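User: I would like a close look at a single part of this model, with the surrounding context set out carefully.

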Amino acid sequence: MTKKDALFYGILAAFTVALLYTIPLIFLYTPTAQLQAGGLAQKIFYFHVPVANGIYVTGAVCFIASAIYLVRPSETANAWARAGSDCAAFFGTLVLCSGPLWAKKAWGVYWTWDPQLTTLLLSVLIYWAICLLRAFAGDGAAERRFAAALGVMGTVNLPIIYISVQKWGGNHPTVIREGGGGMHESMWPAFIMGHVTMTLLLPPLVLWLRSRVALLQATMEHTWQEALTRGMVDHWDEVNPADEALPNAPGNAPGVR
Amino acid sequence: MTANFTSSAQTRGNPEERSTQFVPVEGAAPATDAGTFMVAAYVLMWLCTVFFILITWRKARGIQNRVNELQKAIAKLPQVHE
């Protein structure tokens, strides 16, 4: 096991322990908030906000790696840019699923065109657009550069999500931000543990996994090119007496993209 | 039999009589309680997370296996040419 693998398994173990500790903390030891805030449904907040902050972490990784790729293209920068946009789309989808369930109880509606919700939706759509582009438009140099440029553009929108509440108002709560009334001290442990689990531990875990997939795809592509250059297809029966099927070429293999 | 058909048609109503607007009803019982929303949100978030980690892990392992297979096959090539 390499040092990187050991670090990955360490983070995975820490994430599992933190998750198992946070669940009873939220459900059993954290008091229910007032009815106007959603009552029992307000407990969604302890994961909703940390997951939303996960978008900032993964979006920042996407931004930095995409910018590096645009200046100095490399497999590593492309892999991390791809991992960043995939994970930002994943976290964004979680926020867009959990938020409306809380909103239904707190506001009476699943969705409203509040500035923060609208700007978040815009960002998530950009990240999904990058995922679809990378999945269906091929993996050539032009597609990679276009995806990297979109990654930079998508992340520029993230600070706008944060400041939209202060600038344009809306229904979204501002409890722990400037001008907010804060939380009762008994609610802070669940909120902090939610952040440890979903903002500190989960993003590195999924980013590492997704970047590994992207790097392996690049290795697969290069290995296949080498195989073709050396005439492996013509000699397949000779190098493979066990009569196994020819390994799929990267473009044709299901699940490779 | 005829009476049953008539009764069923009456409960469905004519298209002209269908609702054209929705108005709130004072004091109506909520269709679902807050606990249902909370449980739905948490189940959704955790299932999505576990699914995302597992599917990425499996994908990485699958590609790694194919790369290994391909590299083994390439390693045999020089012997064939000799």
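How many residues does the contact take from chain B, and how many from chain A?

Analyst: The model is a predicted one, and the contact in question takes 30 residues from chain B and 42 residues from chain A. On the side of chain B that touches chain A, the residues divide by class into 20 nonpolar, 6 polar and 4 charged.

For the context on the chain A side, the secondary structure of chain A consists of 8 helices and 0 strands, so that, with helices and strands taken as DSSP runs, its elements read α-α-α-α-α-α-α-α from the N terminus on. Chain A has 257 residues, of which 39% count as buried. If one takes the contacts within chain A between residues at least 6 apart in sequence, 79% of them join residues at least 24 apart.

Helix α2 of chain A, spanning residues 45-71, and helix α3 of chain A, spanning residues 75-106, have axes that come within 7 Å and cross at roughly 155°. Because angles over 145 degrees count as roughly antiparallel, this crossing makes α2(A) roughly antiparallel to α3(A). The crossing of α2(A) and α3(A) is left-handed, and the contact of α2(A) with α3(A) comprises, by class, 19 nonpolar and 11 polar residues, with no charged residues. On the side of chain B that touches chain A, by comparison, 4 charged residues are present.

Note on methods: Residues are numbered from 1 along each chain as its sequence is written. Chains are lettered from A and ligands numbered from 1 in the order in which they are written. This is a predicted model: local features need pLDDT of at least 70, side-chain atom pairs count only at pLDDT 80 or more; totals for chains, interfaces and linings use all residues. Two residues are in contact if their C-beta atoms, placed from the backbone, lie within 7 Å. Ala, Val, Leu, Ile, Met, Phe, Trp, Tyr, Cys and Pro count as nonpolar, Asp, Glu, Lys and Arg as charged, and the others, Gly among them, as polar. Axes are lines fitted to C-alpha atoms, for helices over the stretch in contact, and angles run from 0 to 180 degrees between N-to-C directions. Helices (H or I, at least four residues) and strands (E, at least two) are DSSP runs, numbered from the N terminus. Angles under 35 degrees count as roughly parallel, over 145 as roughly antiparallel, 65 to 115 as roughly perpendicular and the rest as oblique. A crossing is left-handed if the near helix is turned anticlockwise from the far one by less than a right angle, and right-handed if clockwise. A residue is buried if 20 or more other C-beta atoms lie within 10 Å of its own, exposed if 12 or fewer, and partly exposed in between; C-beta atoms are placed from the backbone.
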